[in-house]
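The sequence and the structure are shown first.

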Amino acid sequence: MLPMAVAASVLAVGFLVYGYKSIKPPPPRICGSPSGPPVTSPRIKLSDGRHLSYRETGVPKKAAKYKLILVHGFDSSKDIYLPLSQEFMDELGLYVLTFDRAGYGESDPNLKRSVKSEAFDIQELADQLDLGPKFYVIGVSIGTYSVWACLKYIPHRIAGATLVVPVINFWWPSFPPKLAKECFRKQIWRDQVKLTIGHRFPWLLYWWMTQKLFPYSSIMQRHPILANKRDVQTIKQMSHVPNPDEHKVRQQGVHESLHRDILVHFGRWEFDPMELKNPFPNNEASVYLWEGHEDKLVPFELQRFVAKKLPWIKYCEVPDGGHLMIHEKGLCEAIFKQLLLGQEPSI
């Protein structure tokens, strides 16, 4: 029998090994590598050696009147469902470019991913695909941090921008602490824990998101409280639209796709969005923000505060709208027409 001290040491080492393995994410399964998924989509190679996978829809690029990059949200990809018919895009002369953000789908992970790096990924993508000196951007949900980054770092390349149900970082410095705290406490408990860990203890996030003792994330666990009536109808409609590549979203690993999204968005940004100056002081372009009053993920109170702090953003709040409005045909068309044509929506 081992002496008590030796047994205690062995037990302590065992706990340390278990703890280390619990908080350390596995390496990503990079597409195109010997042990990784195959590359099946067109990709570009960025200046740092990473690859971005993309998809083109709408009219041919050379014939397009409007060229637009759309940034997908959490647990999504370049195959994001947009209820825009070919006839609608032909009528507008619209070319749409979607891409897998770093770590998603078939785009290489970026271990140094940040809010800032997202803007320059978009700029390189636009340059390599010859979109010209200016292009439009639309960001959806958590994908809107890429659009905030574009407005900060490459506003000279943006012909217009729309943020659709942009996820809020509760730790942006300009939020009044009382308001931010009140809205934060309205989140489901498991999400309060998740976001706090992502912001204050990022090294623990992988453990929290993979442990089985407690509920860890309402959105990943498909909590029914997140969907309002319109969202429920939208989900039903989307269920009839096949997405054969849905399994590719997380195929390189959940940490480099989903978890890193949380770490970047809810971490400390390089800038405060509410301190941005109007990137288009001569009204050469417009920025729009769409929010649903009944969005269960993003508090409309904080969106209103952002719009008040940045009066150059044109704020559109849908009274009974939820978080999935980009997937509703009528609202999706209205979002595109407002951005491209300046057509005021009837909400």
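What is the volume of the largest pocket? The largest pocket has a volume of about 1,400 Å³.

## Basis of the model

This is a predicted model, in which local features need pLDDT of at least 70, side-chain atom pairs count only at pLDDT 80 or more, and totals for chains, interfaces and linings use all residues. Residues are numbered from 1 along each chain as its sequence is written, and side-chain values use heavy atoms, with hydrogens and water left out.

## Overall fold

The protein contains 11 helices and 8 strands; these are DSSP runs numbered from the N terminus, with helices being H or I of at least four residues and strands being E of at least two. Along the principal axes, the C-alpha atoms fill a box of roughly 80 × 50 × 40 Å.

Of the 347 residues, 54% are buried. Here buried means under 20% relative accessible area, exposed means over 50%, and partly exposed lies in between, with a 1.4 Å probe and protein chains only. Among contacts (heavy atoms within 4.5 Å) with a separation of 6 or more, 78% are between residues 24 or more positions apart.

## The largest pocket

A pocket is defined on a 1 Å grid over the protein atoms alone as an open set of points with protein on both sides within 12 Å along at least five of seven lines, whereas a cavity is a set of points where a 1.4 Å probe fits but cannot get out; lining residues have an atom within 4 Å of a point. Grid points are joined across faces, edges and corners, and a volume is the space filled by probe spheres set on the points.

The largest pocket is lined by 42 residues, of which D75, S76, M238, L324 and H327 are the closest to its centre. Strand 2 (51–58), strand 4 (94–99) and helix 8 (229–238) each supply at least two lining residues, and helix 8 gives the most, with 3 residues. By class, this lining has 21 nonpolar, 12 polar and 9 charged residues. Ala, Val, Leu, Ile, Met, Phe, Trp, Tyr, Cys and Pro count as nonpolar, Asp, Glu, Lys and Arg as charged, and the others, Gly among them, as polar.

## Enclosed cavities

The structure holds 2 cavities of 30 Å³ or more. The lining of the largest cavity comprises 12 nonpolar, 4 polar and 2 charged residues.

The second largest cavity has a volume of about 30 Å³. Its lining consists of S77, K78, D79, D100, G105, D245, K248 and V249, and by class this amounts to 1 nonpolar, 2 polar and 5 charged residues.

## Aromatic pairs

Rings of Phe, Tyr and Trp (its six-membered ring) pair if their centres lie within 6.5 Å; planes under 30 degrees apart count as stacked, over 60 as edge-to-face and the rest as tilted. By this rule there are 14 aromatic pairs. F170 and F184 form an edge-to-face pair, because their ring centres are 5.2 Å apart and their planes lie at 75°. F170 belongs to the loop between strand 6 (158–164) and helix 5 (177–185), and F184 to helix 5, 14 residues apart. Both residues are buried.

F175 and F305 form a tilted pair, with 5.9 Å between centres and 50° between planes. F175 is in the loop between strand 6 and helix 5 and F305 in helix 10 (residues 300–309), so this pair ties together parts 130 residues apart in sequence. F175 and F305 are each buried. One aromatic cluster is formed by F120, W148, Y153, W172, F175, W269, F271 and F305.

## Helix 4 and individual residues

Helix 4 (residues 144–153) is largely enclosed by the rest of the structure, because 9 of its 10 residues are buried. Among the buried residues of helix 4 are W148 and Y153.

V165 has a positive phi near 40°; V165 lies in the loop between strand 6 and helix 5 and is buried, with a relative accessible area of 1%. R222 has a positive phi near 55° and is located in the loop between helix 7 (205–210) and helix 8, but R222 is exposed at 57%.
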